[in-house]
Amino acid sequence: MTGDGLTGDTSRSSSEPTPCLNDLSPQSRDLQNKETKSNQAKQAVKLVFKAFKNTVTSPGFIAMVLGFITACIEPLRSALFSAGGGLRFLGSAFESLGSSSASVGTLLVAASLVHQTSHAAHEGDDGTKKSDEVVDESEDNGATQRTVDLRDALERSRSSIIEFSSRS
């Protein structure tokens, strides 16, 4: 024993099993549960702050804040957007960029919805390489068949509507 009443050997022997959650006293289990909940809460707070930082630093959010500030400050607004304003050349450029944003956004959404295919180079029946055929990468051939069936049904519906309107 040492002078403070503790044994000098504080290391565990390798023959002693490490305690599991069931071997611990109720107070130890409560402490471990509190630590786990505390770590989960810290991770949740970090996740919220990271999402907030990503939102605030995104280009769209920054543009929205700058647009709001520009709209609130009348001298800046008139300098940028009124005829004869000192910064009219910048305001005109902003208007040109802004007028195309709806079209560009629509193109981006449409591009994200397109079924992906690739032009794969593969050997044909005669052993020559063919690269101009489109290879479908989807594994669900049933979805393709359903799309074709839907397209046929819509075409029949459209032709019947055209026939009905031509009779009137």
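**Close-up views of a predicted model**

The structure, which is a predicted model, holds one salt bridge. The legends below start from the whole chain and then turn to single contacts.

**View 1. The chain as a whole, with its six helices and four strands.** Read from the N terminus on, the elements follow the order α-α-α-α-α-β-β-β-β-α. Of the 168 residues of the chain, 4% count as buried, and the accessible surface of the chain comes to about 14500 Å², with 60% of that surface belonging to carbon and sulfur atoms. When contacts in the chain are taken between residues at least 6 apart in sequence, 0% of them join residues at least 24 apart.

**View 2. The packing of helix H2 against helix H3.** Two packed helices are described by the angle between their axes together with the distance between those axes. Helix H2 covers residues 59-72 and helix H3 covers residues 74-81, and the two pack at an angle of about 100 degrees, with their axes 5 Å apart. This angle makes H2 roughly perpendicular to H3, because angles of 65 to 115 degrees are counted in that class.

**View 3. The residues that form the contact of H2 with H3.** From H2, the residues Thr-70, Ala-71 and Cys-72 take part, and in H3 they meet Glu-74, Leu-76, Arg-77, Leu-80 and Phe-81.

View 4. With a relative accessibility of 16%, Thr-70 counts as buried, because the class takes in residues under 20% relative accessible area. If its neighbours within four places in sequence are left aside, Thr-70 is in contact with Leu-76, Arg-77, Leu-80 and Phe-81, and these four residues are listed on the H3 side of the contact between H2 and H3.

**View 5. The salt bridge between Glu-95 and Arg-88.** Side chains of opposite charge can pair when their charged atoms come close. Here the side chains of Glu-95 and Arg-88 meet in a salt bridge, at 3.3 Å from N to O, a distance that lies within the 4 Å cut-off for such a pair. Glu-95, at 38% relative accessibility, counts as partly exposed, and Arg-88, at 27% relative accessibility, likewise counts as partly exposed.

Notes: Residues numbered from 1 in each chain as written. Predicted model: local features only at pLDDT ≥ 70, side-chain atom pairs only at ≥ 80, totals over all residues. Heavy atoms only, no water. Axes fitted to C-alpha atoms, helices over the stretch in contact; angles between N-to-C directions. Parallel < 35°, antiparallel > 145°, perpendicular 65-115°, else oblique. Contact = heavy atoms within 4.5 Å. Buried < 20%, exposed > 50% of the residue type's maximum accessible area, 1.4 Å probe, protein only. Areas by Shrake-Rupley, 256 points an atom, 1.4 Å probe, with all protein chains shown as cover.
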